[in-house]
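Keep the structure in view as you read.

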Amino acid sequence: MSASTSEDGAVHGRQLAFIFAGLLLAMFVSSLSETIAATALPTIVGDLGGVEIMQWVTTAYILASTITMPIYGKIGDIIGRKFLLISALVLYALGKIVCGLSVDMAMLLTGRLISGLGGGGLIILSQAAIADVVPPRKRGLYLGVMGSVFTVSNVLGPLLGGWFVETLGWRWIFWFTVPLAGLAILALAVFLKQPSLHGKHLTFDWQGSAVMAVGVTALVLAMTWGGETYAWLSWQIIGLLVLFAVACMVFVVVERHVSQPIIPMGLFHDRNFNLCAIVALLVNVSFMGTVNYLPTYFQIVDRMSPELAGLMVTPLSVGIFITSTATGWIAGKTGKYKWMPLAMCAVCAVGFYLMSLMYVDEPVFLPLLYLFILGFGLGLGTQILVLIVQNEFPQSHVGTATAANNFFRQIGATVGASLVGTLFTSRLTANLADKLPAADHISLATLTPSVVDRLPDSLQGVVATGYSDALVPLFLCFVPVMIGCFVLMLFLEKHPLAKTINHSGHGQGKSLK
């Protein structure tokens, strides 16, 4: 036995520190990719001449990463995560290089697609790789720090994007992450061990992957186009949603008959997995539906600069950092965790309620306080849900289970952003239709902070009030969602956190058959 490992199969000391640093870098660059380009997107598409297909810069990455999530999880369980994680980082960095060198929109979209193919594995494989070196009883702290890094990068993304645009140019938004990916590759290549593949054989689930790709593509396109490119009741959107539903049914049939399914139906035999998947989806619907529009809200309603508006969201990440780290440490010390997701749902319900009370010209400390409370609540349970899922299944299936849980989170984020966007746009149009001279076709695409800045002061006040009245009441809708999640978490079964790496799992779906 080496000096860096112990009887529980865990890695310790310097080796663990370097592995964890590499995994954190992988998490950081992956989550940063989804937000850093947002601020600079108008500038980028203006330079490359592609305003009409601007939404595809985001959609291409979301599609590629969502489709590949379960695939990475399954393959990682079979062949190990070291080379797979390094390959994902290489793909991610290659995509960023292509984006940075782009001369037109086609090249930019190709780069985003390539980086998404790699990015889909970074978070999944990082969370699963920590399960290879730290037992569940001690893993909570590490997952908590990972969760806080994910959130901090989401908040830092728009700030960094705006800074690069104003100083070095938008291409540095993409090049900046390449050396970070290189450092992660170096740390993982040297310190993360690759398990023996003797006797293991990979039979790739081509049928399931193809059906899943069709279903995910239909859902993402429906959520992206619905209410914007096409009306929700148009044949295009209804057709996409029908295609998604059919693909889901076909997927279940296929996964029941293949030898190595990418999302085994046995996962759904486990009560805790089902509860955690549903709650993770609903929490992400609420979270992404909220944070996507807050920076613009502060610019239009409170007339803040883009940099200051981005900083206003910082208390959210501070709250998540504090509680996600603390709850991970407490779970490791006490082995008790059920109260954490329950507390998350309760505190988030309070946070969303307080946010529904925001108003024009309110003292600046109030939204800061509300966002801190919301972040404090989110940090109490988001990463604990991952820990619970990983504890339910044996080590040989931890990647598959982690990937499936994150897959539902990603679906929740996509649906949440689209749902709130649609409701907000319709309410905003209704609010301003009879108050502004040319507001009949007003939309998020045209009502930007720069446009509002050019309006007379009297009209800016009208827009600010209309914007606030359209967005803020939607936060109240998430209160019953959080209450519903609280009720679901009451049915969570308390299983002891395993103290060894190669545990047999504590759930009902151990065999995944």
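This is a predicted model: local features need pLDDT of at least 70, side-chain atom pairs count only at pLDDT 80 or more; totals for chains, interfaces and linings use all residues.

Residues are numbered from 1 along each chain as its sequence is written, and side-chain values use heavy atoms, with hydrogens and water left out.

**Aromatic rings**

- Trp172 is also partly exposed, at 38% relative accessibility.
- Trp172 and Trp175 sit three residues apart in helix H7 (residues 172-175), so about one helical turn separates them. Helices here are DSSP runs (H or I, at least four residues), and strands are runs of E (at least two), numbered from the N terminus.
- Phe372 and Phe376 form a tilted aromatic pair, with 5.9 Å from centre to centre and 45 degrees between the planes.
- Rings of Phe, Tyr and Trp (its six-membered ring) pair if their centres lie within 6.5 Å; planes under 30 degrees apart are stacked, over 60 edge-to-face, and the rest tilted.
- Both Phe372 and Phe376 belong to helix H16 (residues 365-392). They are four residues apart, about one turn of the helix.
- Phe372 has 27% relative accessibility, so it counts as partly exposed. Phe376 is partly exposed too, at 33%.
- How many aromatic pairs does a search of the whole structure find? The search finds 14.
- The rings of Trp172 and Trp175 have centres 5.7 Å apart and planes at 85 degrees, so this pair is edge-to-face.
- One aromatic cluster is formed by Phe268, Phe273, Phe393, Phe407 and Phe408.

**Helix H1 and its partners**

- Two packed helices are described by the angle between their axes and the distance between the axes.
- Helix H1 (residues 13-33) packs with helix H5 (residues 105-133) at about 145 degrees, with the axes 9 Å apart. Axes are lines fitted to C-alpha atoms, for helices over the stretch in contact, and angles run from 0 to 180 degrees between N-to-C directions.
- The H1 and H5 crossing is left-handed: the near helix is turned anticlockwise from the far one by less than a right angle (clockwise would be right-handed).
- Residues of H1 in this contact (heavy atoms within 4.5 Å) include Leu16, Phe20 and Met27. Their partners in H5 include Arg112, Gly119 and Val133.
- The residues of the H1 and H5 contact divide into twelve nonpolar, four polar and one charged. Ala, Val, Leu, Ile, Met, Phe, Trp, Tyr, Cys and Pro count as nonpolar, Asp, Glu, Lys and Arg as charged, and the others, Gly among them, as polar.
- H1 also packs with helix H4 (residues 82-100), at about 40 degrees and with the axes 12 Å apart. This crossing is left-handed.
- Leu23, Ala26, Val29, Ser30 and Ser33 of H1 meet Leu85, Leu89, Tyr92 and Lys96 of H4.
- The H1 and H4 contact has six nonpolar, two polar and one charged residues.

**Two single residues**

- Is Thr323 buried or exposed? Thr323 counts as buried, at 3% relative accessibility.
- Thr323 lies in helix H14 (residues 314-334). Not counting residues up to four places away in sequence, Thr323 touches Gly375, Phe376, Gly379 and Leu380.
- Gly461 lies in helix H19 (residues 457-489) and is partly exposed, at 26% relative accessibility.
- Gly461 and Val360 are 101 residues apart along the chain, with their C-alpha atoms separated by 9.0 Å.

Notes. Buried means under 20% relative accessible area, exposed over 50%, partly exposed in between (1.4 Å probe, protein chains only).
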